[in-house]
Amino acid sequence: MCHGNRDSNMFARLQWADFLSLVTIILVHVPFCIADIVESYIIIYEVNTFVWSHQHYQLSIYPIFDLMNVWAHLILLGNLSIVLGTSLKFIFLFGVYEMLDLNVQILANIFFGLGILIHYCALLRILSYFKQFNILLLTLKKAIPTIIRLGLGSLILFMAFLLWGRLVLGPYHEKFGDVFTSAVTLFAILNGDDVYATYDQLQGTPVAIQIFGKVF
């Protein structure tokens, strides 16, 4: 029993050491990220002032986005997510807020995973220093605005079909019982999944509903 308590105390001390080491490294790194962000906004302000004084127009969003240090923003967000996730993890491990243990653990995993995801995405910055791999970043930079416009247009069409199917098929089909379930069902049908099972459950419904379901 004594050995068990000693081992558990040692494990807790190691966890605290890891936590403090991680938080210390991140807190040392955060001021550099903030300095880079502030410097980028100063550059944007100075360039915008220069252009306005000589050309009498303000910069559009694309030049501002080029001057903005996006990587510093991502790294700062990742650091804050990791610190928050780690803190919540220790709240869960040491039994603080016992009524919220499960929720705290879920939030800790979400924030910690988000921080890791952001930091791995930020590693793409290294590729910009190599001519052979920089094509990936250039392609993403050119394609993202078009992808966003395409996504917004597709979202409007998707919402139109979603509400139409929910209103008509909702009373007759359990997969259209609410908006969220209807969205999941339509997304699965778009991918070619669960098509037969979805249509098969329309058997026994009025003929008009069956015809509408097939056309829809």
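**Terms and model**

A residue is buried when its relative accessible area is under 20%, exposed when over 50%, and partly exposed in between, using a 1.4 Å probe on protein chains only. By that cut-off, the buried residues of α7 are Ser182, Ala183, Thr185, Leu186 and Ala188.

This is a predicted model: local features need pLDDT of at least 70, side-chain atom pairs count only at pLDDT 80 or more, and totals for chains, interfaces and linings use all residues. Residues are numbered from 1 along each chain as its sequence is written, and side-chain values use heavy atoms, with hydrogens and water left out.

**Overall fold**

The protein chain has 9 helices and 0 strands. Both are DSSP runs, numbered from the N terminus: helices are H or I with at least four residues, strands are E with at least two. Along the sequence the pattern reads α-α-α-α-α-α-α-α-α.

The protein chain has 216 residues, and 23% of them are buried. Now take contacts, meaning heavy atoms within 4.5 Å. Among contacts in the protein chain with a separation of 6 or more, 58% join residues 24 or more positions apart.

**Helix α7 and its cover**

Helix α7 covers residues 179–190. Its 12 residues should span 16 Å at 1.5 Å a residue, and its end C-alpha atoms are 16 Å apart, so the two values agree. The expected span is 1.5 Å times one less than the number of residues. After α7 comes Gly192, with a positive phi near 85°.

What covers the buried residues of α7? The cover includes α6 and α8 (195–200). Ser182 is one of those buried residues. Ser182 counts as buried because its relative accessibility is 0%. Leaving out residues up to four places away in sequence, Ser182 touches Leu162, Arg166, Lys175, Phe176 and Gly177.

**Ser40 meets Asn69**

Ser40 sits in helix α1 (residues 2–55). Its relative accessibility is 4%, so Ser40 counts as buried. Residues up to four places away in sequence aside, Ser40 touches Leu67, Met68 and Asn69.

Asn69 lies in the loop between α2 and α3. Asn69 is also buried, because its relative accessible area is 18%. Which residues does Asn69 contact, leaving aside neighbours within four places in sequence? They are Asp36 and Ser40. Asn69 and Cys33 are 36 residues apart in sequence, and their C-alpha atoms are 9.4 Å apart in space.

**Cysteines**

How many disulfides does a search of the whole structure find? It finds 0. A disulfide here is a pair of cysteine sulfur atoms within 2.5 Å. In general, it is a covalent bond between the sulfur atoms of two cysteines.

Is Cys33 buried or exposed? Cys33 counts as buried, because its relative accessibility is 4%. Cys121 has 36% relative accessibility, so Cys121 counts as partly exposed.

**The aromatic pair**

The structure holds 1 aromatic pair. Phe161 and Trp164 form this pair, which is tilted: 6.2 Å centre to centre, with 50° between the planes. Rings of Phe, Tyr and Trp (its six-membered ring) pair if their centres lie within 6.5 Å; planes under 30 degrees apart are stacked, over 60 edge-to-face, and the rest tilted.

Phe161 and Trp164 are both in helix α6 (residues 134–169). They are 3 residues apart, so about one helical turn separates them. Phe161 counts as partly exposed because its relative accessibility is 40%. Trp164, at 45%, counts as partly exposed too.

**The largest pocket**

The largest pocket holds about 960 Å³ of space. Its lining has 25 residues, and the closest to its centre are Phe65, Val70, Trp71, Leu137 and Lys141. On a 1 Å grid over the protein atoms alone, a pocket is an open set of points where a 1.4 Å probe fits, with protein on both sides within 12 Å along at least five of seven lines; lining residues have an atom within 4 Å of a point. Grid points are joined across faces, edges and corners, and a volume is the space filled by probe spheres set on the points.

Which helices supply at least two residues each to this lining? They are α2 (61–67), α3 (70–93), α4 (101–122), α5 (124–127) and α6. Helix α6 gives the most, with 9 residues.
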